[in-house]
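Please read each point with the structure open beside it.

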Amino acid sequence: MPRRLEGEFDYIVVGAGTAGCIIANRLSAAPGNRVLILEAGGDDNWIWFHIPVGYLFAIGNPRSDWMFKTEAEPGLNGRSLAYPRGKVIGGCSSINAMISMRGQAADYDHWRQLGLTGWGYDDVLPLFKRLEDHFLGASEHHGAGGGWRIEAPRLSWAILDAVGDAAEEMGIKRIPDFNTGDNEGTSYFHVNQKRGRRWSSARGFLKPALRRPNLRLEKHVLVDRLIVEQGRAVGVRFIRNGEITEARAKREVVLSAGSIGSVQVLHRSGIGPADWLSPLGIDIVMDKPGVGRNLQDHLQQRAIYKVEGVRTLNETYYNLFRRGLMGLDYAFRRRGPLTMAPSQLGIFTRSDATRARANIQFHVQPLSLDKFGDPLHRFPAITVSACNLQPTSRGTVRLRSASPDEKPIIAPNYLSTDDDRQVAADAIRTTRRLMQQKALAKYRPSEYLPGPTVGDDDASLAKAAGDIGTTIFHPVGTAKMGTANDPMSVVDERLRFYGLGSLRIVDASIMPTITSGNTNTPTAMIAEKGATMILEDAK
Ligand SMILES: Cc1cc2nc3c(=O)[nH]c(=O)nc-3n(C[C@H](O)[C@H](O)[C@H](O)COP(=O)(O)OP(=O)(O)OC[C@H]3O[C@@H](n4cnc5c(N)ncnc54)[C@H](O)[C@@H]3O)c2cc1C
């Protein structure tokens, strides 16, 4: 018999990630709501969760990462990718690259055009603003005083300034801010940091709320499944140190375990495609073909260029004297490379002139390595990675077995459409053009990856994209919000689960289509809106 967690709860939030921390904060702001939030990871009491460059140590480390992998991907010429997800309070916002990016107004207007009332850019702009504490203060586009701190980066690099100049030479304008509805242009990224430290959702929303007597956080608990009675989610069953415990919610269960985690919990609960679950011996509670489908991610082509006569992080890192200076700069001024989000300069542009809006994003880094987790190269070099912002490939997330200890099968299906292969080829072509601009000539950039032997024709570039393509860590869409007449819809526009009462999903998995940029800030907005709707519906 499972143990029963003592205490009465109105709401149970599963997962204290980007979304979960915000929901717990908003729901517990009403003293009458008793809120329980359950997180598989632990506290963020490790220095590398806070010093921004710690990202390099948190990824691929079981202390902070679920350590998932994709299947061998045909589109990546048979390669399987590490697929990091944060396992700690704050979730991915505690290990991510801190870029704060809303995407494009057109992304949200598209959601509204799909029939999802209340999700157009005009509708969600007040929510973005309400969340924010923007370094420039309140304005037409930004908010001040909220928990989502956004700051300008605290260092610049001559080589990145020159890449920005090169973009301008190609006709891409310099803009001061990517977050005003249209991100086409080039700029340094704004970041979720406060005075040189990472600003996660846990720091901004969960920790300040934990003082409230009506909010309870349980860490190191793995939610196995939902408890469903008479067509309603009435609680959850979780595991801690091998012990099974149940907790019950009087009002609602909110799934915020992320695009992978929320699917796992639903599938283990018998909610998902019956033809996937039955062979695993899972009793079907509800045949829901959309749960685990529609996986979308941004695939980046990481081109690397060797440079001369200019500083990059590579040689700075290997120079003991300079490394010491970096440490001192951080200790005394909270400045310098330790405050660095790995990608600093952004460029949003069109992969070809026929595109209606920017459809590729460059992340330019003053460093290079073979892959995350590997050491920096010993030669001076930069990474000029381009990703397709509006991919048409769709993948899946599903259970390997019914055991909660087993890692899921993640198959993003990258580059499985002609359009995605074309965009990838055009993106590498655009990279090459960028690096040949006059502004960069003095640094004598030479292509290291994909490499000068790769031809400029579509077929060679698409093959190279498969060789150097890698995730930019943005899985979304696996429990998509949609209209009732679409059998693949999982939640409605108020994020209520179709077919089961008292259950909502509020995290990155509900995006019907991926936003045109990094996905953390959009997920925060989804949480702000989700919490608002939960409170409204409770009245
Ligand atoms: C390495 C990396 C770099 C990134 N860089 C950026 C960036 O620079 N900018 C940007 O905008 N986006 C970035 N992203 C993406 C962004 O962080 C995510 O889109 C966003 O955090 C998703 O939020 P979420 O709430 O949906 O999920 P998460 O933040 O993943 O939260 C889910 C939480 O649920 C917990 N959980 C899962 N399953 C269970 C279970 N069964 N029981 C209990 N708890 C569970 C997890 O441990 C986690 O804490 C990055 C992501 C990664 C991994």
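Predicted model: local features only at pLDDT ≥ 70, side-chain atom pairs only at ≥ 80, totals over all residues.

1. I would begin with the ligand, which is surrounded by 42 residues, the closest being G15, G17, G91, G261 and N518. Two or more residues of this shell are given by each of helix 1, strand 12 (222–229), helix 7 (258–268) and helix 14. Sorted by class, the shell around the ligand holds 19 nonpolar, 19 polar and 4 charged residues.

2. Which element provides the largest share of the shell around the ligand? That element is helix 7, with 4 residues. Helix 7 is largely enclosed by the rest of the structure, because 11 of its 11 residues are buried. The buried residues run from G258, S259, I260, G261, S262 and V263 to Q264, V265, L266, H267 and R268. After helix 7 comes G270, which has a positive phi, near 85°.

3. The crossing of helix 1 past helix 14 is right-handed.

4. On the side of helix 1, the residues that take part in this packing are T18, A19, I22, I23, R26 and L27, and they meet N520, T523, A524, I526, A527, E528, G530, A531 and I534 in helix 14. The contact of helix 1 with helix 14 is made up of 9 nonpolar, 4 polar and 2 charged residues.

5. How do helix 4 (residues 121–131) and helix 14 lie to each other, and at what angle do their axes cross? The two axes come within 9 Å and cross at roughly 100°, which means that helix 4 is roughly perpendicular to helix 14. V124, L127, F128, R130 and L131 in helix 4 meet A524, M525, E528 and K529 in helix 14. This contact of helix 4 with helix 14 divides into 6 nonpolar, no polar and 3 charged residues. A524 and E528 are listed in the contact with helix 1, and A524 and E528 are listed again in the contact with helix 4.

6. Is G272 buried or exposed? G272 counts as buried, because it has 29 C-beta neighbours inside 10 Å. Apart from neighbours within four places in sequence, G272 is in contact with L266, H267, L277, K288, V291 and G292; of these, L266 and H267 are among the buried residues of helix 7. G272 and G290 are 18 residues apart along the chain, and their C-alpha atoms are separated by 7.0 Å.

7. Q296 lies in the loop between strand 16 (286–287) and strand 17 (299–306), and it counts as buried because 26 C-beta neighbours fall inside 10 Å. When residues up to four places away in sequence are not counted, Q296 touches P391, R394, V476, G477, T513 and I514. From A58, Q296 is 238 residues away in sequence and 24 Å away in space, C-alpha to C-alpha.

Notes. Residues numbered from 1 in each chain as written. Left-handed = near helix turned anticlockwise from the far one by under 90°. Contact = placed C-beta atoms within 7 Å. Nonpolar A, V, L, I, M, F, W, Y, C, P; charged D, E, K, R; others polar. Near = placed C-beta within 6 Å. Buried ≥ 20, exposed ≤ 12 C-beta atoms within 10 Å, placed from the backbone. Axes fitted to C-alpha atoms, helices over the stretch in contact; angles between N-to-C directions. Parallel < 35°, antiparallel > 145°, perpendicular 65-115°, else oblique.
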